[in-house]
Amino acid sequence: MRPKVGAVRKRFRLRMQKFARFLGSPAGLALRYAVSLGLIVALALQVDWRQLGSLEGRLAWSPLVVSLLLALLAYPLCAWRWWWLLRASGAGLPFARAHAVTWIGQFYNAFLPGGIGGDATRLLYAFRDRPDRKAAATTATALDRMLGFAVLVLLAAGALAFVGTTGPGRDLRGWAWGLAGGLAVACAASWLLLAWALPRLPATWADAARRLYRVPHVAVATTLLSAAVWVLDFASGWFLAQSLGLTFDPMALAAALGLAYLSTVLPISLGGHGLREGSLVLALQWLGQTTDVGTDRLAAFALLFLTVSLATSLVGGGVLLAMRKPAPPLQHPPGG
């Protein structure tokens, strides 16, 4: 039985490696561009732009501005989380530096193929500043990515469970219970994941991970920051819907946004563009949030969501231009 299992695993690994090589080839890149562009065009064709402009609940600027501000506020929290993990792993950077690099990473993440452009950018800057702590920076960045993903999964699952077991008369107590439960599970899951990974990491990575493992407050604080990032994102989406006169249930919208973000794990589009918005429309329909909402307005909401995402990412381009040349490597950075 074991040889058969081993053979299956080997074939699966070889197929995944072949698929990864295809995605990185010119043909794979062209396919991902085509998928993103095709999905965005399909959404745009669903919108009756003349009717949308004449609707009584047409675009309202106040909730749109609030949505944009909430989306922007999430990035400093992401920078804070990464900065904290870097310090705990022994590859500390000044907060201002980590903040600027986070913005630049988001810019590349939005406009480069795949979802790792931002992580690769952050690592590039961290390696320049701390060439002696590459393993620690890599471990901290990987944990930053994993923690954000784990908290998203838990919050989306909690929102889905809540939507499925309560009626439209729910109140904010559901948010509080769901968030508290999600945070507790996320804290426990982060520790269990780290404990499982430690023996399997290369020696230099394991040393950096053990430094994190010995600082309990870092796991708690970074989990709370991850939750705050996603809650801000969900709130931004709710205000964005309000700008179009759409009254989605907050918990159902959170679940739909969570599912949309999770769909971007599939490496078949350009940075998840198009795939995320198409998944958002399907999730809202599946959750029954399209009553009295025309397909054109739902598609317009998805496209506006994409526009806000790209607009906030452009801030990173401005930061990149402001940093005309990288700062020299730090001699004695904090947290080292």
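A crossing of two helices is called left-handed if the near helix is turned anticlockwise from the far one by less than a right angle, and right-handed if it is turned clockwise. By that rule, helices H4 and H13 make a right-handed crossing. The helix names come from DSSP: helices are runs of H or I with at least four residues, strands are runs of E with at least two, and both are numbered from the N terminus. The model looked at here is a predicted one, where local features need pLDDT of at least 70 and side-chain atom pairs count only at pLDDT 80 or more, while totals for chains, interfaces and linings use all residues. Residues are numbered from 1 along each chain as its sequence is written, and side-chain values use heavy atoms, with hydrogens and water left out.

Just after H4 comes Gly90, with a positive phi of about 95 degrees.

Ser67 sits in H4, and with a relative accessible area of 0% it is buried (buried means under 20% relative accessible area, exposed means over 50%, and partly exposed is in between, using a 1.4 Å probe and protein chains only). Neighbours within four places in sequence aside, Ser67 is in contact with Ser236, Phe239 and Leu240, where contact means heavy atoms within 4.5 Å. Pro76 also has its place in H4, but this residue is partly exposed, at 25% relative accessible area. Not counting residues up to four places away in sequence, Pro76 touches Phe95, His99 and Trp103. The C-alpha atoms of Pro76 and Val229 are separated by 9.1 Å, although the two residues are 153 residues apart along the chain.

Now for how the helices pack. Two packed helices are described by the angle between their axes and the distance between the axes. The axes are lines fitted to C-alpha atoms, for helices over the stretch in contact, and the angles run from 0 to 180 degrees between N-to-C directions. H4 and H13 pack at about 50 degrees, with their axes 10 Å apart. That makes H4 oblique to H13 (angles under 35 degrees count as roughly parallel, over 145 as roughly antiparallel, 65 to 115 as roughly perpendicular and the rest as oblique). On the H4 side, the contact is made by Leu64, Leu68, Ala71, Leu72 and Tyr75, and on the H13 side by Leu304, Val308, Thr312, Ser313 and Val315. Sorted by class, these residues are eight nonpolar, two polar and no charged (Ala, Val, Leu, Ile, Met, Phe, Trp, Tyr, Cys and Pro count as nonpolar, Asp, Glu, Lys and Arg as charged, and the others, Gly among them, as polar).

H4 also packs against H5, at an angle of about 120 degrees and with the axes 9 Å apart. H4 is therefore oblique to H5, and the crossing is right-handed. Among the residues that meet here are Trp80, Trp82 and Trp83 of H4 and Phe95, His99 and Trp103 of H5. The contact of H4 with H5 has 12 nonpolar, three polar and no charged residues. Thr102, found in H5, counts as buried because its relative accessibility is 8%. Leaving out residues up to four places away in sequence, Thr102 touches Tyr75, Cys78, Ala79, Trp82 and Arg122.

The remaining pair is H5 (residues 95-111) and H13 (residues 295-322), whose axes come within 7 Å and cross at roughly 125 degrees. These two helices are therefore oblique to each other, and their crossing is left-handed. Residues that meet include Ala100, Ile104 and Phe111 in H5 and Leu310, Gly316 and Leu320 in H13. The residues of this contact divide into 12 nonpolar, five polar and no charged. Gly318 lies in H13 and is partly exposed, with a relative accessible area of 38%.
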